[in-house]
Structure formats: C-alpha cells, structure tokens
Amino acid sequence: MPGIIRTMKIVACNSNLPLAEAVATELGMPLCNVTVRRFADMEVFVEIHENVRGEDVFVVQSTCTPTNDNLMELLIMLDALRRGSARRITAVMPYFGYARQDRKSGPRTPISAKLVANLLVEAGANRVLTLDLHAMQIQGFFDIPVDNLYAAPLFVRDIKERYGDRDLMIVSPDVGGVVRARQLAQRLNTDLAIIDKRRERAGVSEVMNVIGDVKGRHCLLVDDIVDSGGSLCNAAQAIFNNGAASVGAYVTHGVLTGSAVERISNSCIEMLTLTDSIKATESVTAAANIRQITIAGLLARAMRAVSDESSVSSLFD
C-alpha cells in the first residue's frame with residue numbers, strides 16, 4: 001500500500017560474522033544488537049537488545065562446522081524473534097547444512113534436509129534465502145518461500161578478470177554437476193568436459209575417464225561443495241594427465257574438513273576460488289592456492305529485494 005514505510009533489521013549469529021558485517025555495510029545499516037552465548041553446559045542462549053516488533057528481520061547464519069551448534073543457534077534466534085513479534089523473519093543461510101541428505105540413500109536412512117526444513121519453519125522462519133543449494137528439490141521441502149541464489153554470475157565476472165583471453169574449458173567433476181557446469185560454460189561461451197568417476201564408498205572416489213578433449217586447454221572445475229577435497233584433486237589430476245595446460249577450480253561452499261586444505265595445497269590445482277559463504281579458517285587463509293570472493297553484495301541486493309517486495313530473480317543474470 002502507498003505510504004507504508006518498510007523497515008528491516010539484520011541479525012548475525014556466530015557462524016560467519018565477517019560476512020554478516022559486510023552485508024550490513026553494503027546495506028548501510030548496523031547489525032542488530034543481540035547476544036548469542038553458551039551456558040556452562042554449552043546450551044545456546046540468545047537475547048535481543050532491540051525492539052523488533054513489526055520489523056522485517058533477516059538472520060544471517062551458515063549451518064557449517066560445527067553444523068549442529070550453528071543450526072541450534074539459528075533455530076533459537078528464530079524463536080526469539082518470533083516471540084518478539086517480528087513482522088517477517090527471513091533465515092539467510094549462505095550455506096545450507098544437511099543439504100546432501102536430500103533423499104533416502106538406503107533402507108532406514110533419514111531425509112535430514114526435510115527435517116531441517118521442518119525445524120526452520122516451526123522455529124519461526126517465514127522465508128529462507130540461500131545460495132547454490134546442493135539439491136534443487138530442497139526448495140520443495142518448505143511450505144514457505146525459498147530464494148535460492150546462484151554464485152555463477154560472480155564466478156563469470158571473476159573468471160573474465162583473472163583468465164582474460166585464455167583458451168578455457170569448464171569441467172564438471174561428476175555427472176551430477178553437469179547442469180551447473182553447462183550453465184557456466186554457456187555464460188562464458190566455452191566448451192564443457194565431464195569427469196566420469198565411480199565412488200566405491202562414501203568419501204572415496206576413483207576417476208575413471210575424462211569425457212572431452214582437454215589437451216592444451218586451461219580447465220576450470222566447477223562444483224557447489226568441496227568437503228574432503230579428494231574428488232576435486234583426483235579430477236584435477238586426471239585432467240592434468242590428459243594434457244591440460246592448467247587446472248583451476250571454482251566452488252561455492254568451502255566446507256574443507258580434515259586434511260582438505262593440505263590435500264589441495266599439494267595438488268596440481270593452480271587456484272581454488274571459493275565464496276565466503278563459509279568463514280575462512282586460518283589454514284585456508286594461509287594456503288597459497290586458495291582464495292575467496294565475497295557474496296556480501298549479492299546477499300545484500302537479495303535482502304533489499306525481499307524487503308522491498310521487488311524481484312529477486314533479476315539477480316540471477
């Protein structure tokens with residue numbers, strides 16, 4: 001209705017404070033004054049020190065390592081805002097944990113992504129804003145609006161700036177990521193190759209074949225998540241063994257568990273580019289061939305669009 005002045009507040013939990021602060025700077029407003037701390041037995045306690053009644057509130061929290069702690073922080077913050085009578089609460093989850101558990105992988109196994117969706121709604125979320133969901137069908141797990149943003153436009157700009165006129169080829173590290181890789185290849189007007197691999201057990205992959213002629217090309221692996229780094233490094237080595245001039249990688253979410261950073265540092269990957277959807281650890285910051293680009297501007301524009309009731313899909317270009 002004309003004459004209505006919509007206001008918004010940004011709340012940050014503890015998983016990625018630098019990103020939340022950068023988003024607030026982009027929007028030209030301070031973070032909401034809140035306390036998120038632990039009792040002696042590690043119970044999460046949340047206290048909001050500002051009036052949020054009737055406000056449009058955005059809670060920035062990636063559910064990354066420690067996943068369960070960060071998820072619980074988010075749920076309790078949502079509940080506190082709901083009980084504080086916020087007009088609308090949007091859970092801004094740059095990295096959506098449990099997204100890889102999007103279907104029954106075997107008998108008597110959970111669909112944990114659906115459980116997390118239920119928990120978010122029950123806690124008080126009216127909307128979810130996230131980035132590069134591992135499985136698109138997770139949007140259908142919610143009965144509230146879900147805006148899934150894409151890192152591809154950021155990657156395209158960065159690739160053009162860093163690689164200029166090099167003879168590029170985009171590579172999908174597995175068959176499941178072909179759609180994502182193809183979209184990036186189309187944006188860059190370049191060719192696509194695919195890694196055919198066979199996974200013997202969880203966390204272990206064996207590269208079987210490279211589909212496409214990578215000889216003499218500057219190859220860029222594209223994926224949404226890098227966890228242990230094993231699949232990514234194996235794929236990079238297979239490409240290099242097939243005559244690629246160089247191998248780089250663009251991945252949205254740098255989970256990087258265990259010895260992943262060391263594995264990538266010792267690999268043939270020239271540069272791994274991540275977004276800051278997950279806060280960089282000291283080892284990531286110190287690695288010579290790992291860098292981050294920020295999604296703060298993208299999130300800020302999406303949050304402003306949600307608050308103003310304008311188009312979010314325009315950010316996909």
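**Exercise 1. Which residues does V11 touch, not counting residues up to four places away in sequence?**

*Solution.* The model is predicted: local features need pLDDT of at least 70, side-chain atom pairs count only at pLDDT 80 or more, and totals for chains, interfaces and linings use all residues. Residues are numbered from 1 along each chain as its sequence is written, and side-chain values use heavy atoms, with hydrogens and water left out.

Step 1. Locate the residue: V11 belongs to strand β1 (residues 8-12). Strands (E, at least two residues) and helices (H or I, at least four) are DSSP runs, numbered from the N terminus.

Step 2. List the contacts, where contact means heavy atoms within 4.5 Å. V11 touches C32, V34, V57, F58, V59, V60 and M77.

Step 3. Classify the accessibility. Buried means under 20% relative accessible area, exposed over 50%, and partly exposed in between (1.4 Å probe, protein chains only). V11 has a relative accessible area of 0% and is therefore buried.

**Exercise 2. Describe the open sheet that contains β1.**

*Solution.* Step 1. Give the order: five strands run β1-β4-β5-β6-β7, with parallel pairing. Two strands pair if DSSP finds at least two bridges between them.

Step 1. Find the edges. β1 and β7 (146-149) each have a single partner strand, so one side of each is left without a neighbour in the sheet.

Step 2. The bridge partner of K9 in β4 is V57.

**Exercise 3. Characterise the packing of α2 with α3, and that of α4 with α5.**

*Solution.* Step 1. Two packed helices are described by the angle between their axes and the distance between the axes. Axes are lines fitted to C-alpha atoms, for helices over the stretch in contact, and angles run from 0 to 180 degrees between N-to-C directions.

Step 1. Helix α2 (residues 67-83) and helix α3 (residues 112-123) have axes 8 Å apart, at an angle of about 25°. This makes α2 roughly parallel to α3; angles under 35 degrees count as roughly parallel, over 145 as roughly antiparallel, 65 to 115 as roughly perpendicular and the rest as oblique.

Step 2. In this contact, L71, L74, L75, L78, D79 and R82 of α2 meet V116, L119, L120, E122 and A123 of α3.

Step 3. The axes of helix α4 (residues 152-163) and helix α5 (residues 178-188) come within 10 Å and cross at roughly 45°. Hence α4 is oblique to α5.

Step 4. The residues in contact are A152, P153, F155, V156, I159 and K160 of α4, with L184, R187 and L188 of α5.

**Exercise 4. Is M42 buried or exposed, and is D132 buried or exposed?**

*Solution.* Step 1. Place the residues: M42 lies in the loop between β2 (34-38) and β3 (44-48), and D132 in the loop between β6 (127-131) and β7.

Step 1. Note the backbone. Most residues other than glycine have a negative phi, and most peptide bonds are trans. M42 has a positive phi of about 75° although it is not a glycine, and D132, not a glycine either, has a positive phi of about 45°.

Step 2. Apply the accessibility classes: M42 counts as exposed because its relative accessibility is 54%, whereas D132 counts as buried at 9%.
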